[in-house]
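Please prepare a short briefing on the charges, surface patches and strand pairing of the protein shown below.

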Amino acid sequence: CFLMVSNMLKRVYYTIPEPVKNNDIQQNNYVSLRIKLARKTSIKVKMKDDVPYITIKLFLEGDILSVDSDKDYSKGEHLEELEDFAAQYINKDIENFMEKTVNVFKSDICATGKSLKRTFLTWDDWINFGWSRKYEKAEFEVITKLSVRRSGMTIKEVPVKNLKGE
């Protein structure tokens with residue numbers, strides 16, 4: 001689970017396709033990022049008619065490690081485009097994983113129900129609540145924000161004729 005791994009390891013290395021217009025990712029260029037939590041992940045659980053609605057808010061900071069293309073992501077519009085695309089890409093991966101915990105694993109392996117468990121006075125009350133049966137109907141909303149803090153060293157190529165004059 002990305003949430004637990006990033007807490008334990010402090011940093012995660014993540015490679016995404018380079019963002020292009022219309023979010024078309026059928027290409028050969030990639031951007032490598034080093035990602036860490038910017039602040040603690042927020043997990044809220046609300047029960048509505050025995051269905052858990054789980055909201056996960058993830059705040060990340062990243063550093064650009066490498067870019068396969070010659071696009072400059074160090075500032076401006078391209079940096080915002082990269083941040084938005086990377087956040088959406090990671091968000092989709094987390095949503096897919098959380099759905100897999102429900103449909104395949106049939107278990108709350110990321111302990112998303114921990115905040116709800118605190119509302120019960122005794123262990124028996126929690127067991128009688130039947131979280132594991134209710135979790136199988138869980139619905140998720142994942143919100144991911146990513147800020148690139150350091151864009152790495154950018155090497156700019158200067159034509160030789162500009163160095164020596166004509």
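**Briefing: charges, patches and pairing**

A search of the whole structure finds five salt bridges, a salt bridge being a side-chain nitrogen of Lys or Arg within 4 Å of a carboxyl oxygen of Asp or Glu. This is a predicted model, in which local features need pLDDT of at least 70 and side-chain atom pairs count only at pLDDT 80 or more, while totals for chains, interfaces and linings use all residues. Residues are numbered from 1 along each chain as its sequence is written, and side-chain values use heavy atoms, with hydrogens and water left out.

**Salt bridges**

- The side chains of K36 and E61 form a salt bridge with an N to O distance of 3.8 Å. Because K36 belongs to strand β2 (residues 30-37) and E61 to strand β4, this pair ties together parts that are 25 residues apart in sequence. Helices (H or I, at least four residues) and strands (E, at least two) are DSSP runs, numbered from the N terminus.
- K36 counts as partly exposed because its relative accessibility is 24%, whereas E61, at 19%, counts as buried. Here buried means under 20% relative accessible area, exposed means over 50%, and partly exposed lies in between (1.4 Å probe, protein chains only).
- E61 also meets R149 in a salt bridge, at 3.4 Å from N to O. R149 lies in strand β5 and E61 in strand β4, so this pair ties together parts that are 88 residues apart in sequence.
- A further salt bridge joins the side chains of E81 and K71 (3.8 Å, N to O). It links distant parts of the chain, with E81 in helix α2 and K71 in the loop between β4 and α2, 10 residues apart.
- Both partners are classed as partly exposed: E81 has a relative accessibility of 23%, and K71 has a relative accessible area of 27%.
- Through shared partners, salt bridges join K36, E61 and R149 into one network.

**Surface patches**

- Patches are made of residues with over 30% relative accessible area and no salt bridge; like charges are joined within 9 Å, and nonpolar side chains (Val, Leu, Ile, Met, Phe, Trp, Tyr) within 5 Å.
- A patch of negative charge on the surface gathers E95, E99, E139 and E141. The elements giving two or more residues to this negative patch are α2 (76-103) and β5 (139-150).
- E139 is placed in strand β5, and it counts as partly exposed because its relative accessibility is 41%.
- K40, K114, K117 and R118 form a positive surface patch. K117 is found in helix α3 (residues 114-117), and its relative accessibility of 37% makes it partly exposed.
- V104, F105 and I109 make a nonpolar surface patch of about 270 Å². V104 sits in the loop between α2 and α3 and is exposed, with a relative accessible area of 55%.

**Strand pairing**

- Strand β3 (residues 42-48) pairs with strand β4 (residues 51-67) in the antiparallel sense over seven bridges. Two strands pair if DSSP finds at least two bridges between them.
- Where does K46 stand in relation to β4? K46 stands opposite Y53 in β4.
- The hairpin of β3 and β4 has two residues between the strands, and in this hairpin D49 takes a positive phi near 55 degrees.

Definitions and conventions: Accessible areas come from the Shrake-Rupley method with a 1.4 Å probe; for residues, only the protein chains shown count as cover. Lys and Arg count as positive and Asp and Glu as negative; His and the chain ends are not counted. The place of a charge is taken as NZ of Lys, CZ of Arg, CG of Asp or CD of Glu.
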